Amino acid sequence: LCFVFKQEVEKIRIKITSLGLTESRITSDETIQQLFVECRLNNFLAEETPLSLPKPTGGQRIHYNYSTVINVDKENNHAEREYLKSILLKPDLPANRLKFTVVSDPPEDEQDLECEDIGFAYVSLKEIFQRQRDIIEQDIDVFDSQDASAVIGKLTVTVEALHALRSVHAECKYY
């Protein structure tokens with residue numbers, strides 16, 4: 001008998017579970033009706049929830065339950081791996097995190113309106129590695145796109161990146 005062990009494809013798994021808004025200019029703005037969430041890793045990948053959902057009202061949450069995977073295996077995703085190495089090796093790299101953007105989607109009958117970024121949330125990949133812990137179903141603050149100090153809501157996300165980061169870090173030791 002011959003067993004062939006295939007190396008596990010290294011990946012970063014991202015799940016956008018739900019979004020809740022706090023009382024803010026967003027909740028009172030009548031032109032903001034439908035929301036979707038985009039997730040971006042540096043310049044490589046921008047994924048967005050396939051649906052835009054009606055803006056949640058006071059205390060409610062909207063549920064996307066959307067998952068995506070960023071493959072970072074050596075064979076096919078060299079650029080992504082190099083980027084992850086730079087996160088681990090350069091402590092002051094500003095783009096060392098995943099960026100989640102909450103976007104207002106114009107209503108069907110007003111397609112002449114543009115999509116508008118209303119808020120941003122971040123997950124630090126470097127922190128995941130330093131703490132040696134993935135982020136599982138955690139609420140992260142969503143900051144107002146017009147006032148970065150104002151929190152306009154909470155986004156519940158999962159980011160499973162530790163395995164991939166450990167693998168990339170092991171390669172770094174040989175440099």
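E137 lies in strand β8, which spans residues 135–144, strands being DSSP runs of E with at least two residues and helices runs of H or I with at least four, numbered from the N terminus. The model is predicted: local features need pLDDT of at least 70, side-chain atom pairs count only at pLDDT 80 or more, and totals for chains, interfaces and linings use all residues. Residues are numbered from 1 along each chain as its sequence is written, and side-chain values use heavy atoms, with hydrogens and water left out.

E137 is not a glycine, yet its phi is positive, near 45°. With a relative accessibility of 40%, E137 is partly exposed (buried is under 20% relative accessible area, exposed over 50%, partly exposed in between; 1.4 Å probe, protein chains only). The backbone nitrogen of E137 is reached by the side chain of T158 at 2.9 Å.

T158 itself belongs to strand β9, residues 147–160, and is buried at 3% relative accessible area. Leaving aside residues up to four places away in sequence, T158 touches R13, I14 and K15 as well as I135, I136 and E137, a contact being heavy atoms within 4.5 Å. A positive phi also occurs at N65, again not a glycine, at about 45°; N65 sits in strand β5, residues 61–71.

Turning to the whole protein chain, four helices and nine strands are arranged along the sequence as β-α-β-β-β-β-α-β-β-α-β-β-α. Of its 175 residues, 45% are buried. Among contacts in the chain with a separation of 6 or more, 63% join residues 24 or more positions apart.

Key. A polar contact is a pair of N or O atoms within 3.5 Å; within protein, one must be able to donate a hydrogen and the other to accept it, and residues adjacent in sequence count only if both atoms are side-chain atoms.
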